[in-house]
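Hi,

Here is the structure I promised to pass on.

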Amino acid sequence: MKNYLLTLIFALPFIGTSQYTDVINSNRPGLSVSAYAVGRNVLQVEAGVLYEQRDHTLLNTKSNIWGSDISLRYGLLFERLELNYEGTFVNQNITYTSLDVTENLTDFSRNRVGLKYLLYDRFKNPERNKPNLYSWKANYGFKFKNLIPSVSLYGGATFNLGDNPFYVGDPTVSYRGMVITQSRLTPRFVLITNIAYDRITTDYPELSYLVSFSHAFRNPKWSAFVENQGIQSDRYSDVLIRGGVAHLLTDDLQVDFNLGASFKNTPSRIFITAGGSYRFDFHKDKLKAIDEQGAGENGEPIKKNAMKKKEKKEGKKEKNGSGAEDIDLGPSKKQLKKLKKEERKKKKNKERGSGAIDF
């Protein structure tokens, strides 16, 4: 998560005022939605195939369900806004065991379009991204202030085209609203929550929640998640749990796998999903005059041989097979010592009046 990668990006990117990241930021695996948008002029496709076995003890039915799901995300107009489409098309083969009768149902179980807007970005202030130069534990440990989330609002519409056998009697268009939060508990753990009210204006409105925990491994190309979902409606209520892994193949391509089950037997559900996400990156940063930039947005003074050192470092990264640049796991102990030494040197230069320019 999710949110990735969660993509993979599951960790909140250190991106200042921008939503765009150098690596794909996917909502897969799972169903929870990240608070962050994909970035202006980025088109992202997230798709997969699914299989589910569903048995209902009271109705004496057994079902095999095959299907596919797709999500199209586009960064619209500016960094905080995202236009998205989510669709799931399934074929359900139902056997009524007591009657020895079989029925086949085919249609969309999910078909909606919406807009997501980042209302509050917890990491907009670049000062919050600076590491503690005196404590490795302070950078990696949990702090209660990390629970303060970034917050997004979602508004959209659910479409019921034709005679949908899964939602009999529903109007062609109903409405959906959602509140999304995302907290970076530690550099490796991210918490995402979604609270949604769906199918508004129908006879069977649906209230649901999703809580997702994501973990980036030491090799940030791999991540795992566990997710709890609750659904409350007069038509159908359930509590589900799912978990899975995601792997980053390139900066723009992620693959994933997850499985899950329900907590009850009316019906009992066991499901498995596999898929991937691909990003078409047309993003271009807007130029901003130096005198309009805030403190810390333009970095530190350029050092001698800085580009050579950067190229050498990137070469080592490729050799080691590391990736997912927007998962910032924080500085190592060795890096902390180096940063601390540089800070002392800068203070001494200022005291001597070296004339170094700080941007």
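Let's begin with Thr201, whose place is in the loop between β7 (189-200) and β8 (206-216). The strand names come from DSSP: strands are E runs of at least two residues, helices are H or I runs of at least four residues, and both are numbered from the N terminus. Thr201 has a positive phi of about 80°, although it is not a glycine. Thr201 is also exposed, with a relative accessible area of 54%; here exposed means over 50% relative accessible area, buried under 20% and partly exposed in between, using a 1.4 Å probe and protein chains only.

A few words on the background. This is a predicted model, in which local features need pLDDT of at least 70, side-chain atom pairs count only at pLDDT 80 or more, and totals for chains, interfaces and linings use all residues. Residues are numbered from 1 along each chain as its sequence is written, and side-chain values use heavy atoms, with hydrogens and water left out.

Asn41 is not a glycine either, yet it has a positive phi of about 65°. You will find Asn41 in the loop between α1 and β1, and it is partly exposed, with a relative accessible area of 26%.

That loop, between α1 (6-9) and β1 (42-56), also holds Pro29. Pro29 is joined to Arg28 by a cis peptide bond, with omega about -5°.

Where does Pro267 lie? Look in the loop between β11 (253-262) and β12 (268-281). A cis peptide bond links Pro267 to Thr266, and omega there is about 5°.

Enjoy exploring!

Best wishes
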